[in-house]
Amino acid sequence: MSKLQNWSNTLVLLIATLGFGLVVSGCDSGGTSPDSNNLGDVSGAITGQVIDNATSNPIEGAKVVVAVGSLDTDGKSFSATTGSEGRFAITDLPATTADDGSEDESEDPSAKYGIRVETPDGSAYRDAYRGQVELAYGNNETGAVELGANITFPLQKNNGSLSGQLGVDGSDAPLRNTELRASQTINTGFTAEGDAKSGELTVTTTTTTDGQGSFTFENLVVGNEVDLYARFDNNTESDVVSGKSIPDEGSASPVENSSVSAPALTATLDPAPETDFGTTEPEWTLTFNRPVAGVTTDDVEEALSIGQSTIETKAVDGSGNVELDVSATTTEGGAIESVSWSVAEPLSDGVNFEVKYVGLFNDIVGAQYGVGVNTSSIESSPLSYSIGANTNAPATPAVGEDGNVQVSNVSETIDYDVSSVSPNLTINVDNSEAPVKEYQVFARTVEDTEDRGQAAPQFDQIETISAENVGFGETSGSVTFSNNPLRTDEGTYGPIEWKVRAVSINNVEGDFSETQEIVDNDSLDLDDANTAFNDTNSDGNADELEVTFSEPVSGISAGDAGSDYFGISDGSGDPTALGSVAEVNNAISPAATATVVVNLGDDGSNTDNDELTVNGESSDNFVMDLAGNPIKVERGANEDDSL
């Protein structure tokens, strides 16, 4: 037997490492393996043919080199050059002994040779095909065995080319100065004694488009399709063309009328709108994610303006718009990377003002890809800012009748299953420590508590109430807690907890108010219409009492005595007897309810005149909702709680 393994092509396997295996037959006449002392009597020969991979035509002038052991060692080498039929023969190869670490003495010794093919000078074929041949000794009694392998090498041309011109989607601009990547998956391999061993490798070639979006790829492997990609400066890629054929004649048809979707051109403004500078000499920087064209610093200075806000008692220094100093950072070619501006003279302390840049972005396009700027990350002009030199924290809000935060429009009673709660807040702005810009409302509900699974879940900011007339009156706002805020989808209950803090015009955050609660304060109701005796065993007499409530309940469990919570009377002195509680079923879908099933202590044949009484909170045992509210009852004539 014989084996061939093909190692990586050191010149062209730029991405993938390729391995092949090959079985090559030798003589096998039976008997024992030759003794190692007789290896001098053994010689080997490797013959074969070098052909064109696409046409199978023979290749003349290719040099096949064989080295004893490995091409990477100093072993003796042998070579032959292919003739007009592409054939070669290397004979009288010395025997070597394989050392593969095997301890199996029954295995035949073998001879190993490194092998490579060097393509003819001036040819368009890929060079340096490398591999390894392993020839196993046959068995005969003398040990005089000739080893042989017949190998076919299919070579591939790499004189193909691909060219074209690319534009940008949604723009008339060419795709300028952009890296392109051409990728080819190449089937390659050897064939020996009719057993083809092949594999795949990926060959990647890159080039860059010029100022008109034109490009050319050279040295592509013919007979293989190519996939073309554009690589952008944000490390993303976009497909250009797939499966483009590179024909055998060495030149592909051009890529025409193709456009590529380039990444968006965006602008980031620092600091962001609604910022308080804390200084009377504010500065801004507008940074683009890639250089832009179509705008100069003069354009920026002309488009920008700063005007005072609607606070009538305070104003910026001077009158009208504020004078600005504008500068820019640019590339060597003059394309703008960022624009900065600042006020030429300090502004007044504690003012709100607006920055306008009307028309600034109309003519800006990406200097490289030609797309217009996307300003979605910056709010529409004008942009609001403020200046506060006062670094004190604002006063802590006090909630309630005597505080500066009043709560109104909350229903007198709130039930477990309420869909939303929307209290209104009226705030007397407190400037005792520092002027207040806004009040922030933070809250957490039972859903937050259950989902986070924490002992102390965090509060989330859910509302900001702007103090527009700072120091000059009241401000109002509403807060909405939605999605059944008092319960979870699993039916558990918890209060709404919320608190408020003030933020000064210098963005200094004050302390939180005391935590406020909105709870289920509605008493539990009995559902008369769905409370009834049931005959579950179909014997004609009731065997259980099913009591239905308006929402999930607590304070009662299966196994409790039913008479601890409920009573039956019928005026005869012989009412239906109650047994133990069989089930307590709380549900929230399709509606929030609870069903308590009580077994009967007799056959339930005398239920027609029965009246149900339910213990209230004055009793030792009573049913309540998950918030601890007891059943709603009416006073009977005997002053006991009953229904």
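Is Tyr 385 buried or exposed, and at what relative accessibility? Tyr 385 counts as buried, because its relative accessibility is 3%. Here, buried means under 20% relative accessible area, exposed means over 50%, and partly exposed is what falls in between, using a 1.4 Å probe and protein chains only. The legends below describe a predicted model, where local features need pLDDT of at least 70, side-chain atom pairs count only at pLDDT 80 or more, and totals for chains, interfaces and linings use all residues. Residues are numbered from 1 along each chain as its sequence is written, and side-chain values use heavy atoms, with hydrogens and water left out.

**View 1. The protein chain as a whole.** We start with 42 strands and two helices; these are DSSP runs numbered from the N terminus, with helices being H or I of at least four residues and strands being E of at least two. Of the 643 residues, 43% are buried. Take the contacts (heavy atoms within 4.5 Å) with a separation of 6 or more: 68% of them are between residues 24 or more positions apart. The accessible surface comes to about 31,400 Å², and carbon and sulfur atoms own 39% of that. That area is from the Shrake-Rupley method with a 1.4 Å probe; for residues, only the protein chains shown count as cover.

**View 2. Aromatic rings around Tyr 385.** The structure has nine aromatic pairs. Rings of Phe, Tyr and Trp (its six-membered ring) pair if their centres lie within 6.5 Å; planes under 30 degrees apart are stacked, over 60 edge-to-face, and the rest tilted. Phe 277 and Tyr 385 have ring centres 5.4 Å apart and planes at 35°, so this pair is tilted. Phe 277 sits in the loop between β17 (265-270) and β18 (283-293), while Tyr 385 is in strand β25 (residues 383-386), so the pair ties together parts 108 residues apart in sequence. Both Phe 277 and Tyr 385 are buried. Trp 284 also pairs with Tyr 385: with centres 5.6 Å apart and planes at 80°, the pair is edge-to-face. That one links distant parts of the chain too, from Trp 284 in strand β18 to Tyr 385 in strand β25, 101 residues apart. Trp 284 counts as buried, at 1% relative accessibility.

**View 3. Lys 499 and two Phe rings.** The charged end of Lys 499 sits over the ring of Phe 459, 4.2 Å from its centre. It also sits over the ring of Phe 512, this time 4.4 Å from the centre. To qualify, NZ of Lys or CZ of Arg has to be within 6 Å of the ring centre and within 35 degrees of the ring normal.

**View 4. The β26-β27-β30 sheet.** Three strands in the order β26-β27-β30 form an open sheet with antiparallel pairing. The edge strands, β26 (405-408) and β30 (474-478), each pair on one side only. From one strand to the next, the twist averages 20°; the axes are lines fitted to C-alpha atoms, for helices over the stretch in contact, and angles run from 0 to 180 degrees between N-to-C directions. Strand β27 (residues 424-428) pairs with β30 over five bridges, in the antiparallel sense, where pairing takes at least two DSSP bridges. Look for Ile 427: its bridge partner in β30 is Thr 475.

**View 5. Val 598 and its surroundings.** Val 598 belongs to strand β38 (residues 593-600) and counts as buried, at 0% relative accessibility. Beyond its neighbours within four places in sequence, Val 598 touches residues including Glu 544, Gly 562, Phe 566 and Val 581. Val 581 is 17 residues from Val 598 in sequence, with 4.3 Å between their C-alpha atoms.
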